[in-house]
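Okay, thanks for coming, everyone. Let me put the model up on the screen.

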Amino acid sequence: MDWFVAEDYGLARLVLQRGVALLYVVAFVAVLRQFPALLGERGLLPVPRFTARVPARATPSLFHWRYSDRLLRVVAWTGLALALAVVVGLPQPGPPWLPMLTFLVLYGLYLSVVNVGQVFYGFDWESLLLEAGFLAAFLGSDDVGTPWITLVAFRWLLFRVELGAGLIKLRGDTAWRDLTALHYHHETQPMPGPLSWFFHHLPGPLHKVEVLANHVTQLVVPVLLLAPQPVATWAAAVVVVTQLWLVLSGNFAWLNWVTIVLAFSAVSDDVVSGLVPSLAPDRAYGPTPLWFAVVVVAVGAVLLVLSWWPARNLFSRRQRMNASFNAFHLMGAYGAFGSITRRRDEVVVEGTRAADPGEDDWEEYVFRGKPGPTGRLPRQFAPYHLRLDWGMWFLALGSSAQLSWFLPFLDRLLEADRATLRLLAHDPFDGERPVWVRARVFRYRYSTWEELRERVWWVRREVGALTAPRGLHRPHG
């Protein structure tokens, strides 16, 4: 079975298994903390309504059989426990079927969540995590060598992530082609981080160098990931460094972190141990069971067939960004920021306890991650995903799909619903019901260095109203 085993990739397997599992930990924690309020029985987009109108064949999920918040929590706690078991290394010393079963259950449980998550789970990193979890099931255990076929599948996934993002940028927006994209991006990205203000204020020529480096990383380096060693390892190192730069500059949930983990599929033990001898892994393992080899080859053949659709998409003039070609989120198309927003609008939600309010009677609800009060420094949340805050960014862009949950969200604020209020950073009424709520749109920009002396990170001005004042069962005025 020498043809089957990649002799030089013990570290790659260790990082892939534990890294993917750790991101599943983050994902299931987010399910426990956010899913019931967003999509539960009394959520903004209740799952039972969704499953009543969408057939199971289109969105395979355990919740097509039955949904309850209690069952959702059982699914999430089970997934969390299994993911933690892999992180600490419990299944890996066993036979290869043990980590395989663990990852397949993780994949199935999270697939059940994503497929009923609607707009709150419509992000490319959901499919990316699902695909990575599925592939991790076929990495084997410490008893056997790392299969070449599985490593190639991981590299193909990373190749699609990077090259897809690079091509969609060149095809999508002149700002990427004239190297001016970062004049806007750090200010207008969905959820800035604590360093984003400083990245925005870097010199313009340096921004152009950053964009050019991004093009090299996403258009040239992916090809080098498929080259012989040590070139592939150094290409992976470039991907890791680039992704860490993105981690510092914004909050993109686990997109950057899963890409970093995927990069280790190209990292050679010999290259790493030549640099840091203490990182050389133990290569002792037994013969590969025939059944395991047959399963991996069969899965590889299926994935090869499914690869036709994303490969064709990469070379299409009408390249699709973040597309799933099947209901199981395998072999999808990835890409991000095909177009750059030039200005930042934010929806500011306010409430009042006055029956006939004046302008001074309104108080602002503060979200955890999205910009709100101008003196509030953005925080680092990634790899944790604040789904409500991301939805608010799309809402401010004019996405009509977000209105389906936003008006119920305002009603939950009027009811002072505890689960909904826990999604926010600050409720100005301390759990009491407001009489009215409203949503206004403000244009935001970063403060200048001079304005920062007044301890404001943002400067904003009102540009319109999204909703009129809204009360429970009664119109305003």
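This is a predicted model: local features need pLDDT of at least 70, side-chain atom pairs count only at pLDDT 80 or more; totals for chains, interfaces and linings use all residues.

Numbering starts from 1 along each chain as its sequence is written, and side-chain values use heavy atoms, with hydrogens and water left out.

Helices here are DSSP runs of H or I, at least four residues, and strands are runs of E, at least two, both numbered from the N terminus.

So, pair one: α4 (residues 97-114) packs on α5 (residues 124-136) at about 160°, axes 8 Å apart. Axes are lines fitted to C-alpha atoms over the stretch in contact, and angles run from 0 to 180 degrees between N-to-C directions. That makes α4 roughly antiparallel to α5, since the cut-off is over 145 degrees. From α4 we have F103, L104, Y107, Y110, L111 and V114, meeting E126, L129, L130, G133, F134 and A136 of α5; contact means heavy atoms within 4.5 Å.

Pair two: α6 (residues 148-172) and α13 (residues 255-263) sit with axes 9 Å apart, at about 135°. On the α6 side, F154, L157, L158, V161 and E162 make the contact, with T259, L262 and A263 on α13.

Last, an unreviewed UniProt entry annotates residues 331-465 as "domain: Lipase maturation factor 1/2 C-terminal"; such annotations may be inferred rather than shown by experiment. In the model, that span is 22% helix and 26% strand, its end C-alpha atoms 42 Å apart.

Definitions and conventions. Angles under 35 degrees count as roughly parallel, over 145 as roughly antiparallel, 65 to 115 as roughly perpendicular and the rest as oblique.
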